[in-house]
Amino acid sequence: MILIAVIARVLFVTYQKNAFRNFDYECYFDKGEVSEGDEVDLIEIVTNRKLMPVPWLKSEITTSKWLDFAGSQSLVTEETRFVPSFFMMKSFHKTVRRWHVKCLKRGVYTIDRVILITTDLFGMASRSNTYHVGATLTVLPEGADLSADFDAAQKLSGDVIVRRHYIDDPFYRAGIKEYSPRDPINRIHWPATAKTGKLMVHNNQFSADQDLLVILNVQSRDYERDTVIDTEKIENGIRICAGYFEDTLRSGIPVRFAANTNFSGDRSSIITNSFHGAEHVGDLMETLARIPLRSSDAFPVFLSGACRELTASDIVIVTSYLGEAIFDYARSKREAGSQVRIIYTTLLTDEYVPDDCPVFGYLGKERSLQ
């Protein structure tokens with residue numbers, strides 16, 4: 001018995017000292033940026049570079065509940081998901097495990113640290129260690145379909161938001177493209193059609209004096225202070241903004257974004273420059289992914305202050321509630337020569353809408369994010 005006790009004591013001390021010696025752990029996403037609804041792999045790599053085996057090892061990953069780990073017995077509490085993972089490491093052994101993760105909601109998600117817990121074969125010696133991994137994933141919002149998903153306030157049958165208030169200029173040509181049913185016959189490029197064997201048309205650019213301003217209200221109710229109450233209304237608003245940003249990639253016009261929120265927690269607001277192109281739209285989409293559910297100022301104050309001097313040929317106001325201050329701002333911009341439309345982030349029912357303000361309600365797809 002004494003010999004067994006001595007052996008057990010030696011094993012206990014040896015395991016306590018050497019369990020994490022010559023031992024490596026990595027954890028990272030295989031993509032840095034995806035969109036809502038996409039899947040991404042989270043990869044765990046565990047390496048035991050010593051003769052002593054590690055018979056039982058548990059990793060505890062802490063992340064957001066909006067990252068759904070397929071096949072895991074994860075625990076969700078409020079906004080956090082805990083994902084356990086178990087390994088058995090032989091001598092000089094390496095294990096690679098892939099978690100298939102579905103991204104349920106836009107945001108920037110970071111796994112800062114992973115806790116590893118191990119014990120010997122007899123369960124006598126336990127050790128834990130924290131590994132700093134810094135795995136980051138940006139989930140971009142899914143853009144709303146601007147050719148559907150909307151209903152006019154006046155309840156006219158078939159009224160939807162379409163993209164054709166952007167008028168292209170036949171004197172600005174930017175190459176050729178494949179024919180689509182929306183292209184007029186007189187734009188067909190016959191030499192390119194003969195060369196490719198497919199109908200090709202002139203790709204007309206848009207006039208240089210045309211631009212778009214998208215204004216997002218991050219207040220879900222007119223009496224709300226700071227933290228958002230109706231979060232899904234704001235998420236709908238973000239998806240609508242994303243739809244307009246994506247549309248500028250097809251139309252080629254410059255776009256600018258303004259919102260009564262910020263990333264620093266103070267009373268400043270987000271107002272971007274007006275520009276066009278994939279890089280600019282990519283930056284705007286990343287901004288939407290990072291937007292906190294917190295307003296920095298009351299929306300009427302934001303419109304009369306930070307947005308007062310902003311101009312564009314086309315202005316879109318995305319809001320979760322309606323009111324005279326919003327209607328007055330829209331009228332003032334229309335009088336200044338802008339085309340203005342107000343997008344209401346839920347279905348229009350009995351809301352008061354004046355005849356001189358074009359308002360559209362959002363009919364977008366229902367989401368289950370519980």
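## Basis of the model

Because the model is predicted, local features need pLDDT of at least 70 and side-chain atom pairs count only at pLDDT 80 or more, whereas totals for chains, interfaces and linings use all residues. Residues are numbered from 1 along each chain as its sequence is written, and side-chain values use heavy atoms, with hydrogens and water left out.

## Helix α6

Helices (H or I, at least four residues) and strands (E, at least two) are DSSP runs, numbered from the N terminus. Helix α6, residues 324-335, has 12 residues and reaches 16 Å from its first C-alpha to its last, close to the 16 Å expected at 1.5 Å a residue; the expected span is 1.5 Å times one less than the number of residues.

Within α6, the residues Ile326, Phe327, Tyr329, Ala330 and Lys333 are buried, where buried means under 20% relative accessible area, exposed over 50%, and partly exposed in between (1.4 Å probe, protein chains only). They cover an arc of only 160° around the axis, which puts them on the same side of α6; the arc is that of the directions from the helix axis to the C-beta atoms. These buried residues pack against β14 (212-216), α5 (299-304), β17 (314-319), β18 (339-344) and β19 (359-362). Glycine 337, whose phi is positive, near 110°, follows α6.

## Positive phi in two loops

Most residues other than glycine have a negative phi. Glutamate 78, in the loop between β6 (75-77) and β7 (80-89), has a positive phi near 55°, and this residue is exposed, with a relative accessible area of 74%.

Phenylalanine 92, found in the loop between β7 and β8 (93-103), has a positive phi near 45°. At 58% relative accessibility, phenylalanine 92 also counts as exposed.

## Two buried positions

Lysine 65 lies in the loop between β4 (54-64) and β5 (67-69) and is buried, with a relative accessible area of 17%. Leaving aside its neighbours within four places in sequence, lysine 65 is in contact (heavy atoms within 4.5 Å) with Val76, Glu78, Glu79, Thr80, Arg81 and Leu104.

Glycine 361 belongs to strand β19, one of the elements against which the buried residues of α6 pack, and counts as buried at 0% relative accessibility. Its C-alpha atom is separated by 5.6 Å from that of threonine 346, although glycine 361 and threonine 346 are 15 residues apart along the chain.
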